[in-house]
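Look at the structure first, then read the points below.

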Amino acid sequence: MHSSNTSPARAGRSGTRWALVSVLSANMLVDALEVSATVVALPRIGDGLGLQVPGLQWVVSAFAAGFGALVLLGGRLVERLGRRRVYLAALLLFAAASLAGALTDSAAVLIATRAVKGGCVALTAPTGLAILVSAVPDGPARRRAVSLYSFFGAAGFCAGLLLSGLLTGVGWRWTLAFPAPVALLLLAAGLRLVPRDGPTPRPAARATRLALVAGPALAAAVALLLYGLSCAVGAGREPARAGAAFAGALLSGTVFVAAERASPRPLVAAGLLRHAPLVRSAIGAATLNGSYVAFLLVASLDLHRAGSTPWQTALAFLPAGAPLAVSALYSARIALRLGPARAVAAGAVAAPLGYALYPRAGPGGAGFADLLPATGCVGAAFVLAFTALHLQATGGLPPEHRQPAGALYQTCVQLGAALTAVPVAALYPADRGAALALVTAVGLTGAGVALGALTGRNRLPHLPAPGRTGTPVRPERKAS
């Protein structure tokens, strides 16, 4: 008889572990498809709810703003409440918000549910990765699990396009409702598979109280800033409301800074803001993602004007997302082979080139061939720059600084989308050319930052360990 090297107990644990990885990866897929699915459905949502373009963009911007406003606070909530509790609660709230958004006839309620869903994704995406890393032993198994998780995230954009192209043709409410039953199925599986948290040290009470002041203050500042921008730009300018919103944003931002300065463990360590590679990468990622989302918004509205069906719109957008999904498992290798700075620069140049190639005449490119040069360049930009930006942002930091640096980086990525989409949508109805010019200008800003990094020096400051004010920790440096 042949003996097996794998005991039934070990095989059972391995099977449970990979079932958990599958659930977490599927959740990442659902999280990632939210933006692309909504962009395709956006014109039909506007028709159904009677929303004009300046108001319609909030369906996209609210999701990005909710994500960006909560991701910094999310880590503290996990520390206080535990990964399992936060992850499962966010899944349940995500499902409820999806259903509420699909059923409502109120634009305000729909926009609110989008902000809630963005906040839920800010909790489930990083928390799911943390659960995966703690559940899978270090080595080849963990590398495979993280690769699967990352691949599902990259594939989510394409999945959202195709799904929305099919469902929106039946009715836009189906596109918004689809995530609800999927999230509930994942919740049911998660209740069985997500491990319970072991004993962990509780964060200091004062730091927690100040974080609960700083987090909402940041969210309020973001919301008021976006509202002020929407009132300050475009044909329907309202200077008085814009001024009041900007004043409120400044006040909320002041509260955020005061809470952070008083905290023994701020959400954003001051030293991170002096770390040049992180700052440059955050700006580059914000401009790349911001110009990308705004470009898709303009193109979606153009295609709708030209009479394209949702399915045709989805197919036209595939070249902008498919390359990243196809190359997801090799993106880190590509970035390291080229060098992160060179990969970022190449991607940052490709993106505005794509925007410049987008047809300016008429209501927009009416066919796949008209859009292909632009979407192809944008897809190449993400393959080259997306992973390289993250590597450049956190690669030179010691391990204890990478999680807060990653949260700050993701905040910038999402806020870049919201801050670009708002003025672009406000300009679009009266001056489509100006809207496209703004998209291109944002992309060129990212290219300028990336090209400047090729000639600049990376000055790495001494950073205190998170939550400490004593001996500074030197950032990691590559061996010469």
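This is a predicted model: local features need pLDDT of at least 70, side-chain atom pairs count only at pLDDT 80 or more; totals for chains, interfaces and linings use all residues.

The largest nonpolar core has 96 residues, and those touching the most other members are Ile45, Tyr292, Phe295, Phe317, Tyr358 and Tyr409. A nonpolar core is a set of buried Ala, Val, Leu, Ile, Met, Phe, Trp, Tyr and Cys residues joined through side-chain atoms within 4.5 Å; buried means under 20% relative accessible area (1.4 Å probe, protein chains only).

**Cores**
- Helix α11 (residues 276–305) supplies the largest share of this core, 14 residues; helices are DSSP runs (H or I, at least four residues), numbered from the N terminus.
- Leaving aside neighbours within four places in sequence, Phe295 is in contact (heavy atoms within 4.5 Å) with Tyr355, Tyr358, Ala374, Thr375, Val378 and Val439.
- Another core lies apart from the largest one and has 30 residues, including Val23, Val71, Leu123 and Val136.

**Helices α6 and α12**
- Helix α6 (residues 140–170) packs against helix α12 (residues 310–327) at an angle of about 175°, with axes 9 Å apart; axes are lines fitted to C-alpha atoms over the stretch in contact, and angles run from 0 to 180 degrees between N-to-C directions.
- The two helices, α6 and α12, are therefore roughly antiparallel, the term for angles over 145 degrees.

**Helices α4 and α5**
- The axes of helix α4 (residues 83–103) and helix α5 (residues 107–135) cross at roughly 150° and come within 8 Å.
- That makes α4 and α5 roughly antiparallel as well.

**Reading the model**
- Residues are numbered from 1 along each chain as its sequence is written.
- Local features need pLDDT of at least 70, side-chain atom pairs count only at pLDDT 80 or more, and totals for chains, interfaces and linings use all residues, while side-chain values use heavy atoms, without hydrogens and water.

Notes: Buried means under 20% relative accessible area, exposed over 50%, partly exposed in between (1.4 Å probe, protein chains only). Angles under 35 degrees count as roughly parallel, over 145 as roughly antiparallel, 65 to 115 as roughly perpendicular and the rest as oblique.
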